[in-house]
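Could you walk me through this structure, stop by stop, while I have it open in my viewer? Please tell me what to select next and what I will find there.

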Amino acid sequence: MLDLLAPELPDELGERLTREDYKQDFRERRAAIRDGEAWKLERLQHFEETNDDSREALRQGDWPAVLRLFEAERDALLRRARNDAARGAVFHRIRVVEAPLTPYVQWELHWLRLTAECGHSVRVLPASALAAAEADTPLPELNLLEGRTLYRVLYTDAGRPDGAVRFTDPSTVRNWSEYLRELYGAAEDIQEYFDRAVAVLPPPPPA
């Protein structure tokens, strides 16, 4: 168990962004990274992805279509990894998982395993390791860019995207940057986790 209490993240230090404003701001700031790092923490166990054919295939219970659609993205993922490498931009993703896996997380782990095969940095952290850190509240959904901008990504109760709160206060960003590095260091490589805990599972039910 990780005895790591999360830093504070008071909303009054940040700026509320609509979904579209967040998407544009995030894209612009991430594209501007040169010789820097970005971090993503995913904690929720169910999201309602929109405009995603493979997610729709999961809803319909068509698992072979899910896998075909994922594989069709391999070349695009390879290009993105090469572009990131050319800019010196490294994007680290930490995926928290609860047992048993929800259908959504099982679906996403297949996608994340593919992204890792294509050169992206992904690790998995069991929720059980966060019991002490989450004694009061679950960790937030986060994106952190280049040690300068932190987003707490917001979702509705149904798991639909609902914008974000952007933080640029240096102390807040620095504290969370250090915290995410600690979590990443304690997490397991996606491929090792996938081979042990996901590859043996039957296809998930529609979700």
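What share of the contacts with a separation of 6 or more in the protein chain comes from residues 24 or more positions apart? Such pairs account for 80% of those contacts. Keep in mind during the tour that this is a predicted model.

**Whole chain.** Start with a cartoon view of the protein chain, where you can pick out seven helices and eight strands. The radius of gyration is 17 Å, close to the 17 Å that the globule rule gives for 207 residues, so the chain is as compact as a globular protein of that length.

**Surface and charges.** Of the 207 residues, 45% are buried. Now colour by charge to show 28 positive and 38 negative side chains, with the centres of the two sets 5 Å apart.

**Asp35.** Select the loop between helix 1 (19-31) and strand 2 (36-42) to find Asp35. This residue is not a glycine, yet its phi is positive, near 50°. Asp35 is exposed, at 69% relative accessible area.

**Asn51.** Move on to the loop between strand 2 and helix 2 (53-59), which holds Asn51. Here too phi is positive in a non-glycine residue, at about 55°. Asn51 is exposed, with a relative accessible area of 84%.

**Pro100.** Finish in the loop between strand 3 (89-97) and helix 5 (103-117), where Pro100 lies. Zoom in on its peptide bond with Ala99: the bond is cis, with omega about -5°.

Conventions:
Residues are numbered from 1 along each chain as its sequence is written. This is a predicted model: local features need pLDDT of at least 70, side-chain atom pairs count only at pLDDT 80 or more; totals for chains, interfaces and linings use all residues. Side-chain values use heavy atoms; hydrogens and water are left out. Helices (H or I, at least four residues) and strands (E, at least two) are DSSP runs, numbered from the N terminus. The radius of gyration is taken over C-alpha atoms; the globule rule is 2.2 Å times the number of residues to the power 0.38. Buried means under 20% relative accessible area, exposed over 50%, partly exposed in between (1.4 Å probe, protein chains only). Contact means heavy atoms within 4.5 Å. Lys and Arg count as positive and Asp and Glu as negative; His and the chain ends are not counted. The place of a charge is taken as NZ of Lys, CZ of Arg, CG of Asp or CD of Glu.
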